[in-house]
Amino acid sequence: VFLVSDFGDGDEFAGVMRAVVTRDAPGVPVVDLTHQIPPFDVRAGALALERAVPHLGPGVVVAVVDPGVGTGRRAVAVAVDCASGPRFLVGPDNGIFTFVLEILGRPEAAVALPSARWRPEAGDTFDGRDVFAPAAARLWAGASLAEIGSPFAPEDLVTLPRPHLETTQGSVVTEVLWVDRFGNVQLSARPIDIAQAGLGAQLEVVAGGTTFTVRSATSFEIGGDIGLIPDSNARLSFVCRRRSAAAVLEVQAGDLVALRDPADPHNRREAVGRDNHDEAEPGVES
Amino acid sequence: VFLVSDFGDGDEFAGVMRAVVTRDAPGVPVVDLTHQIPPFDVRAGALALERAVPHLGPGVVVAVVDPGVGTGRRAVAVAVDCASGPRFLVGPDNGIFTFVLEILGRPEAAVALPSARWRPEAGDTFDGRDVFAPAAARLWAGASLAEIGSPFAPEDLVTLPRPHLETTQGSVVTEVLWVDRFGNVQLSARPIDIAQAGLGAQLEVVAGGTTFTVRSATSFEIGGDIGLIPDSNARLSFVCRRRSAAAVLEVQAGDLVALRDPADPHNRREAVGRDNHDEAEPGVES
Amino acid sequence: VFLVSDFGDGDEFAGVMRAVVTRDAPGVPVVDLTHQIPPFDVRAGALALERAVPHLGPGVVVAVVDPGVGTGRRAVAVAVDCASGPRFLVGPDNGIFTFVLEILGRPEAAVALPSARWRPEAGDTFDGRDVFAPAAARLWAGASLAEIGSPFAPEDLVTLPRPHLETTQGSVVTEVLWVDRFGNVQLSARPIDIAQAGLGAQLEVVAGGTTFTVRSATSFEIGGDIGLIPDSNARLSFVCRRRSAAAVLEVQAGDLVALRDPADPHNRREAVGRDNHDEAEPGVES
């Protein structure tokens, strides 16, 4: 059973989930992927799962980034049919499995999990403990989806919008997906995207109205400049040598940046703003 | 074996405890409940255990919040007789098991553990590694209490004072037990306490001299106000929607707050101060 | 399999390593020693391993503090012949096993691990996932070193310089190795070093040009002063009662401090500067 949440490690939330899984399915190996998803950030959780899931063996993934707990939002368990890797996904129906399901393939089946609470007088604000962990333990122990919930059409699962990515000749406008502990800046763009845009080893990046020069690289040992590397998830990442590229570029997850050819005069007047996922596309400064 | 400590995750303290348990009892499942109890805060550790222990299966709980390590304070192992849940508690005799024992019931037996150190020239400042983890491993592997320590009367265990709670008609004065990662504010009061005080769905809370209006709720999706929910531990908690109720109310663990009826003019002149567990009861401002 | 890294817990890096080990060696117990080594701080990782390794049972230690990942630096697996404790060490060849090998003894054999990446178009910047975790899983499952890499002479392993320690009659100049969560300040000096310098229970410490009085102690309950205790690793540590000795002394890892006899007038004019491991020995202020 693999666990992802925004519970942090400061409280016993994650620990109690571990304990409940172990109590209900003795002998189960519990693997914490991370509990440090930023609070309430379903999208960050969905992206962390996308990065992690290709490396997981068979099992049950439980993801709890769940600001809607205790409301009418659906609690779900989903079965997937993949050659290796997880067989079941368990969590709130808020889109957290959107990107994982693009990797693992269309769900075979989905069920809504009944609500549960520790005691009648307790609240139902800890579904990780009361609903998701017990469901994962039962699935790991051999229960079928039908035994633990009410079927519904997998097409009805909530989905998140795809990350922004816009490739034209000489330019890639791409979204910052993630800034890691080291300040590396992962983009929605992949190496093939800059190739398709006709961009070379020397590029300009426009971030927040400022233009930087970046160079293609393959490791973090890149001298004083900003490097653009194919990262371990096969996306592009900005990196600096032993310091934070995010701090140098002043970007954070959700921002848009533009990659372009420094020799192209056509690009001289563009700039790219911040994407907060609620507003219209960023405009072009004049 | 379940672990709770104030070691944090920044050092290898908790990891070495895990390793020692695994070394001495191969095959044992080790479940970290949390290692982020605030440093030296025995009471916070005792409350985290109280919240966690109803959800644990059989096993041994090791709790190391132990500012007195290396002094004459007693190291203990305690056996409890409960239908399910932990069979043994291991840790310093500083009251950390006070609230857990109210749940699990009177101890069957208690022993003082002999001191131990890694090497003669090493200090005895890491009993988690040198005393508690090995004792837990032996108990898990089948040793009896008598084999690992010297019996003493369980009544002699150190206990902590109960959390403050004072219920009168129209008013509940209650202690903040815990502020979690999300800023939710757990109180010593339970839903039955506000019912017994005759309070309704609309309440006033006096915190630090300031009066706030709160409304009963059942989830975190409560609009812009402060909600009072029955939480997952069957206590009352103040919550805000996607922000910290603790920051809004400016409270922290150990503070006292008053819940009262906004329609009652009798309450108009009260206020409640901060309880640091060392001073007298907070007075009434005039 | 024991894991140490500078990945932190904020991202899924450590979790994915756990998952890969579990995927490739089902049933393996994975013990996280710590993932909070300061980023890129190979020396801190090497010291954490030195502290932890005497307490580990048989197994494979994986250490990933690896600023050179993706460059030509060698990835290695090393076999040691020790009565108990780890049999294999896996990680980058950057000196991280220097101090552990002084404890475990001369390696029996060493191999360079072939590079690997998730997909052709991905970078090789996550050897923890792609190289080290799979190698550890294979070793744990019974593979020999020869099966997983190319032999080289263990003498060619990169080593770190030993911590600074200079003992003369009446004075010990010693390096701060580590400041833990509680602010305890571990020194390179051991109890025998102050004995050999002829120092007694009352000492002076010179840190950053300021002189403090310290007293020998055996626990953290030492009143208002700074204590010097034999710590749980059999080194000396400065401690304060429930506050940070590092903050009081204004020291951090890598600093040099001098311990000396307060009664010795010869010592009156010395002071000790900061050692950054790159500069010459600190001079004597006049």
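I started with the lining of the largest cavity: α1 (13–24) and α4 (127–140) of chain B, and α2 (42–52) and β10 (185–187) of chain C, each supply at least two of its residues. Helices here are DSSP runs of H or I with at least four residues, strands are runs of E with at least two, and both are numbered from the N terminus. α4(B) gives the most, three residues.

This is a predicted model, where local features need pLDDT of at least 70 and side-chain atom pairs pLDDT 80 or more, while totals for chains, interfaces and linings use all residues. Residues count from 1 along each chain as written, chains are lettered from A in the order written, and side-chain values use heavy atoms without hydrogens or water.

I noted a volume of about 460 Å³ for the largest cavity. A cavity is a set of points on a 1 Å grid over the protein atoms alone where a 1.4 Å probe fits but cannot get out; lining residues have an atom within 4 Å of a point. Of its 34 lining residues, B:F13, B:T125, C:F182, C:N184 and C:F220 lie nearest the centre.

Next I turned to B:N233, in the loop between β13 (226–230) and β14 (236–239) of chain B. Is B:N233 buried or exposed? I found it buried, with a relative accessible area of 10%; buried means under 20% and exposed over 50%, using a 1.4 Å probe and protein chains only. Leaving aside neighbours within four places in sequence, its contacts (heavy atoms within 4.5 Å) include A:W118, A:R129 and B:R51.

Definitions and conventions: On a 1 Å grid over the protein atoms alone, a cavity is a set of points where a 1.4 Å probe fits but cannot get out, and a pocket is an open set with protein on both sides within 12 Å along at least five of seven lines; lining residues have an atom within 4 Å of a point. Grid points are joined across faces, edges and corners, and a volume is the space filled by probe spheres set on the points.
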